Number of protein chains: 2
Amino acid sequence: MVKLKGNLLYGQSGGPTAVINASAYGVIDEARKHPDFIDDVIVMRHGIQGALNEDFFYMSQQTEENIELLKHTPGSAFGSVRHKLPDFREDDTHYLRLLYIFKKHNIRYFLYNGGNDSMDTCSKIADYFDHINYECYIIGVPKTIDNDLPFTDHTPGYGSAAKFIANTMMEISYDMLAYPNGKVTIVEIMGRHAGWLTASSAIASLSGFGPDLIYLPEIPFSIEKFKKDVIEIYEKKKQCLIAVSEGIANEEGIFISSSSGLKDAFGHFQLGGVASKLATTVSADLGIPSRSVEFGSTQRAASHIQSLTDVNEAIEVGRHSVRAAIDKKTNLMVVMHRSSKEEYEIEYKLHALNQCANTEKKVAKSMINSKGNGITKEFLDYVLPLIQGENLPQYKDGIQQFSKIK
Amino acid sequence: MVKLKGNLLYGQSGGPTAVINASAYGVIDEARKHPDFIDDVIVMRHGIQGALNEDFFYMSQQTEENIELLKHTPGSAFGSVRHKLPDFREDDTHYLRLLYIFKKHNIRYFLYNGGNDSMDTCSKIADYFDHINYECYIIGVPKTIDNDLPFTDHTPGYGSAAKFIANTMMEISYDMLAYPNGKVTIVEIMGRHAGWLTASSAIASLSGFGPDLIYLPEIPFSIEKFKKDVIEIYEKKKQCLIAVSEGIANEEGIFISSSSGLKDAFGHFQLGGVASKLATTVSADLGIPSRSVEFGSTQRAASHIQSLTDVNEAIEVGRHSVRAAIDKKTNLMVVMHRSSKEEYEIEYKLHALNQCANTEKKVAKSMINSKGNGITKEFLDYVLPLIQGENLPQYKDGIQQFSKIK
């Protein structure tokens, strides 16, 4: 096989995770091991938008410290983007621009780190370069806290978010025990269509302190059934801890969080999510004191409680994508296969990009209990290996250090 | 001095912290070193209510593991309470009951772990026992994430909450950098009357990633000024991160979070705090996308990111209270003095309980910037020593282990 020498272009896209930068580290570190193929790793600022704007970071110009710190840095260290490319057969202007930039910088390897939509972008660019015969090897690097990419056992980013959620739910649960007559506490967790993150709150129960009720978007949500569930728990325990997906919807598929035309005294429409709405319902309809907690972006950014397994897998997914690209594989995404059910082990493989794009993997029905308000052992067996080990932050003076890529 | 031998009664009261149980550990471990004075440490379930109900845990009957794990356990491991005792001169029924229970169990040392209100309870009991001449030595053990107890440099519980807030704000700030056109993110932090916790968000800025604006309850809040502040930052940075105390109030002292008669479609009054209210204002009045984050109870319960300094001081405060009691000191609270400004060092002293009760220590004006939307270096110099060091959780299978006192 004739060696192809050039630059490797890498970018991040979609919502950040606590370990997407660990994948960047894997890409950068692996690329350095192959100087016969790769001159430099160039990183786009704000994903594909950075390529269109010729707005680049050059990894050969970064300090070792900033590269190493990527393993401990949340967010998207290089900036992210949500930008959907059109079909090149309908509008090829962006593609012509990309081709010009790729040729100008002799980019022969292209790695794109993201979720469903990003894999769509990646696949479209691969199709175009194939169509016009520009030799460039294109690999998708999976990431998403939502864990909804298909054809992979799980997705880097999920394990760390799950670890944060499980440990924080334990803390909230233990905190609630302080008073004899407690409240109904409703915690809102990310996930518009897939309940993987919300389900991970159940891990807390293994410690003896976890949620009493869990509602995922996979099961149609009924307010009446919810009230009955709450009453049943509250009568027994005088308190109730609930984990709820932001994306729960009723039988008709309408989000419970949808605005009900609610305005405040200034005439503004009220923001606010499903948990605060349900807390209001519990207080008003059931007469039980209730409050809501919304984890918000902390759940995807909690670098201070990364899962070591997740970090290592994120790095490995990055490394594997480099090796696949220089091996002249293209239009594929790195996927993770769990090889044995007895002992947790991951094999890294590749899967057609266009099949990975635009499809969401939901929580299997067999992982949800028959009442639709909790999970089964099958889910716990699946999720537990993903949160093992700690990647302790690099604290300096009591606060974390993050990478400052220039 | 004649040695007084008996049991030591300990209890927790008020809102939990991430390290109140470390103080319990300090009390229990120190008491064991003085068998000539103390037979057993008896702990009330749900604070003073447990004494009135004769509902006790006996520390001699606990496993070593559960005692050790107190150093890593958030919440109130023995249950808490909010119960204000009347003046015994007006109504002595509770006091007669306490006297009966204390005599029955030969309780000669009484330690009460809490904030302002708890010190009031503690002081009243001391006054009563002094009045009726029952020999019992009574010491207040300070705790509160709010850091608003007077006569002490700071209060155990504050450092860990500040560490959680600083590190989480860093993560939120870094996460926000992902997109070129960002949002206004408003984070609501605990503190009804004192802004110590909200101020601690400023520590994040030392890493380069922190809040742009900080509003404390010490400064009257003006919505018009707030809007101007937001516009100024947003025009420059295309994003804005704001930390706001739940207790901010306007010139007339009316809480910004006060319900404005807001009802939803079901006719319920809406719950929801000041951050979501301000986010609605930013979106509606300024046309800038905005969202709110409410840390909720996670900020007082985050045992997974305790400050080691805070844990050690919480233990020491517990130990000191035992030594003071067997030294026949009474009606006093343990206070912490910062002895030198050059090198951080704490001396443990005692201060009259009745002076510590019912007074709130606020953030000094010199610690707040002249615009009233940020803090000064004086505050950072004060707070930084309190978040130093890590007390890493005892993880098992990826989740923390908490004490299970029976």
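In the predicted model, the contact between the chains takes 68 residues from chain B and 68 residues from chain A. By class, the side of chain B that touches chain A has 30 polar, 28 nonpolar and ten charged residues.

From α8(B), the contact is made by Ile223(B), Lys227(B), Val230(B) and Ile231(B). From α9(B), Thr281(B), Val282(B), Asp285(B) and Leu286(B) take part. The residues of this helix contact divide into five nonpolar, one polar and two charged.

In chain A, helix α9 (residues 274-286) has 13 residues. From its first C-alpha to its last, α9(A) reaches 17 Å, close to the 18 Å expected at 1.5 Å a residue. The buried residues of α9(A) are Val274(A), Ala275(A), Ser276(A), Lys277(A), Leu278(A), Ala279(A), Thr280(A), Thr281(A) and Val282(A). What covers these buried residues includes β6 (184-189), α8 (223-237), β8 (240-245) and β9 (290-294) of chain A. Gly287(A) follows α9(A) and has a positive phi, near 70 degrees.

The domain assignment of chain A gives two entries: domain 1 (6-144 + 303-358) and domain 2 (158-301). The C-alpha centres of domain 1 and domain 2 of chain A lie 35 Å apart. In the contact between them, 13 residues of domain 1 of chain A meet eight residues of domain 2 of chain A. The side of domain 1 of chain A that touches domain 2 of chain A divides into five nonpolar, seven polar and one charged.

Backbone angles come next. Most residues other than glycine have a negative phi. Asn331(A) has a positive phi, near 60 degrees. Asn331(A) lies in the loop between α11 (308-326) and β10 (332-338) of chain A. Asn331(A) counts as partly exposed because it has 19 C-beta neighbours inside 10 Å, and burial requires 20 or more. In chain B, Lys328(B) has a positive phi, near 65 degrees. Lys328(B) lies in the loop between α11 (308-326) and β10 (332-338) of chain B. With 13 C-beta neighbours inside 10 Å, Lys328(B) counts as partly exposed.

A further loop residue of chain B is Leu386(B), placed between α13 (377-383) and β12 (395-396). Leu386(B) counts as buried because 26 C-beta neighbours lie inside 10 Å. Leaving aside its neighbours within four places in sequence, Leu386(B) is in contact with His154(B), Tyr158(B), Gly159(B), Ala162(B), Ser307(B), Thr309(B) and Asp310(B). Leu386(B) and Ser303(B) are 83 residues apart along the chain, and their C-alpha atoms are separated by 15 Å.

Conventions
Residues numbered from 1 in each chain as written. Chains lettered and ligands numbered in written order. Predicted model: local features only at pLDDT ≥ 70, side-chain atom pairs only at ≥ 80, totals over all residues. Contact = placed C-beta atoms within 7 Å. Nonpolar A, V, L, I, M, F, W, Y, C, P; charged D, E, K, R; others polar. Helix = DSSP H or I, 4+ residues; strand = E, 2+ residues; numbered from the N terminus. Domains from an automatic or database assignment. Expected span 1.5 Å × (residues − 1). Buried ≥ 20, exposed ≤ 12 C-beta atoms within 10 Å, placed from the backbone.
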